[in-house]
Amino acid sequence: MFAATELNKKNQRTEKLVRILFVMMAGLLILPVLIILTTLVYKGGGILSIDFLFTNPTNGMTEGGIFPALLGTIWLVVVALLISVPLGIAAAIYLSEYAPDNWGTRLINLAIINLAGVPSIVHALFGLGAFVIFFEFGTSILAASLTLAIMTLPVVIVATRESLQAVPHAFREACWNMGATRWQTIRRVVLPNAVSGILTGVILEVSRSAGETAPIMFTGAVFFSPFLPQGVMDQTMAMSLHLFVVSTQVPNVPENLPYGVALVLIGMVLIMNSISIAFRMHLRGKKKW
Amino acid sequence: MVNDTTPAKLEIQNLNISYGGQTAISGVNLSIREHEIFGIIGPANAGKTSFLKAINRMDMFDSNMRVEGDILFNGKNVREWRNIYALRSRIGVVFPLPVGLPMSVYDNVALSARLRGIKEKAELDLIVERCLTRAALWDEVKDRLDTLGSLLSGGQQQRLTIARALSQEPELLMLDEFSIAVDPVTTMRIEDVLKELKSEMTIILVTNLVQQARRLADRTAFFLDGECVEIAQTEALFTGQTSDQRTQDYVEGRFG
């Protein structure tokens with residue numbers, strides 16, 4: 001006959017208590033997301049329409065749509081990706097597959113960690129000094145995207161490195177034993193199995209760069225431009241800066257306009273994140289080892 | 001028939017291997033002749049696996065591992081091979097833990113040929129079928145060549161690994177306790193294949209089953225604590241004609 005001792009009962013009570021505590025903490029996380037989303041939908045949902053997305057702002061930006069800003073953000077993000085993805089993936093491959101464990105490698109890793117920790121306003125000033133002035137790109141999509149690319153490089157590098165490291169080492173050795181070079185091994189075995197992780201990192205970068213304001217406001221984004229950008233040397237409007245402007249810099253803006261802009265911006269990020277999650281679930285379904 | 005006048009495939013001179021100061025192999029001298037099956041027996045930690053790793057220069061990937069002494073493959077020091085990949089592609093290796101690469105069974109076996117630049121489907125098909133047949137796996141997988149190699153059972157993966165090693169058309173095949181993950185019946189089938197392969201290549205068979213060495217090896221070396229205690233004709237070793245008492249004790253199962 002078994003009976004629960006006093007100690008058993010006490011342990012069980014503690015277990016229940018701790019569990020409730022953790023559930024509450026985790027539940028708290030949902031709260032800010034819910035509040036932000038409901039506020040945005042409630043206050044800004046009404047202004048959303050096809051016209052809002054695809055027309056220019058009018059009447060001193062107090063009316064009309066957000067098309068130049070929307071298109072500008074897409075420009076900025078795409079150009080930033082074109083720069084940082086090849087660079088980041090190449091760097092991560094070197095660090096994960098080639099780099100010897102010595103002080104040089106440790107220095108590079110330290111640099112990456114530090115790069116991730118630099119505040120975005122410092123990146124903005126660096127971009128202004130380096131790309132706008134020194135390289136004479138002027139305030140342009142190119143300068144702003146380069147700044148965004150450098151800022152988000154650590155995200156791509158770390159995500160890529162982690163997913164390369166997740167491919168078991170035995171696979172590499174089996175390839176090397178057959179006389180495959182490191183690159184043949186990477187191309188045929190390591191990279192194909194790391195793709196999902198790398199793409200997740202890329203999409204994270206997209207959401208991050210779409211939302212950043214400081215790095216682009218000195219380097220390529222403008223308050224208002226009646227023209228759509230034609231190339232990378234043009235200035236452009238951007239969603240994040242436009243939100244800042246209509247919320248604080250322009251008088252007599254109807255209340256629902258900034259909320260609408262914020263809703264579109266957050267919607268872009270949420271859509272990208274959902275794609276990332278769906279993609280990961282799809283790939284996880286095809287377990288390879 | 002292999003005899004004393006057969007040229008040496010592999011010449012090991014004064015080989016020392018250590019891992020961060022810890023000796024794994026010390027002072028090993030031996031030569032392995034062409035077309036022989038050279039057995040290596042010995043208890044765990046005798047340095048058998050380190051010995052194999054030094055031969056195809058896998059020490060390059062382990063910064064802890066230090067190799068001293070000379071290993072001559074076809075008369076040329078493996079450390080002087082300018083193209084390390086050419087060296088490795090001539091040496092097939094099968095390690096105790098099977099590794100099915102995360103690609104289809106077909107791609108697993110075709111990989112080595114593709115690395116050599118072979119692209120024609122017909123030629124690849126031929127290589128895949130021949131190697132899988134030799135590794136006693138063809139009948140089990142011929143209808144599902146597109147399943148992932150890494151999802152086969154352990155024993156099947158081991159035979160896949162053997163098929164992959166054979167697909168290199170190696171001059172030297174090194175097997176490290178290949179039968180650990182394979183059932184006895186399949187082991188016997190693979191052993192039969194190895195006897196046939198002898199006419200095409202040199203085989204080093206590291207095994208913890210002394211009877212397996214007895215069945216297959218022309219000569220057998222006994223490794224103990226990083227030392228090569230004795231090398232002898234296999235039959236001599238198993239009929240009591242040993243020059244060292246420790247060898248005698250080991251083959252008769254008194255330790256190890």
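**Figure 1. Overall fold of chain B in the predicted model.** Chain B contains 10 helices and 10 strands, where helices (H or I, at least four residues) and strands (E, at least two) are DSSP runs numbered from the N terminus. The radius of gyration of chain B is 18 Å, close to the 18 Å that the globule rule gives for 256 residues, so chain B is as compact as a globular protein of that length; the radius is taken over C-alpha atoms, and the rule is 2.2 Å times the number of residues to the power 0.38. Along the principal axes, the C-alpha atoms of chain B fill a box of roughly 55 × 40 × 35 Å. Of the 256 residues in chain B, 45% are buried, that is, 20 or more other C-beta atoms lie within 10 Å of their own, with C-beta atoms placed from the backbone. Among contacts in chain B between residues at least 6 apart in sequence, 68% join residues at least 24 apart; a contact requires C-beta atoms, placed from the backbone, within 7 Å.

This is a predicted model, in which local features need pLDDT of at least 70 and side-chain atom pairs count only at pLDDT 80 or more, while totals for chains, interfaces and linings use all residues. Residues are numbered from 1 along each chain as its sequence is written, and chains are lettered from A and ligands numbered from 1 in the order in which they are written.

**Figure 2. Packing of α3(B) with α6(B).** Helix α3 (residues 105-115) and helix α6 (residues 154-167) of chain B pack at an angle of about 25 degrees, with their axes 7 Å apart. Axes are lines fitted to C-alpha atoms over the stretch in contact, and angles run from 0 to 180 degrees between N-to-C directions. The two helices, α3(B) and α6(B), are therefore roughly parallel to each other, a term for angles under 35 degrees. The contact involves B:Val105, B:Asn108, B:Val109, B:Leu111, B:Ser112 and B:Ala113 of α3(B), and B:Leu160, B:Ala163, B:Arg164 and B:Ser167 of α6(B).

**Figure 3. The side of chain A that touches chain B.** Chain A gives 16 residues to the contact and chain B gives 19 residues. On the chain A side, α7 (169-177) and α8 (182-190) are the elements that give two or more residues. The largest share, 5 residues, comes from α7(A).

**Figure 4. Surroundings of α7(A).** Buried residues in α7(A) are A:Phe171, A:Arg172, A:Ala174, A:Cys175, A:Trp176 and A:Asn177. Their cover includes α8 of chain A together with α2 (84-89) and β6 (91-94) of chain B. After α7(A) comes A:Gly179, with a positive phi near 95 degrees.

Terms used. A residue is buried if 20 or more other C-beta atoms lie within 10 Å of its own, exposed if 12 or fewer, and partly exposed in between; C-beta atoms are placed from the backbone. Two residues are in contact if their C-beta atoms, placed from the backbone, lie within 7 Å. Angles under 35 degrees count as roughly parallel, over 145 as roughly antiparallel, 65 to 115 as roughly perpendicular and the rest as oblique.
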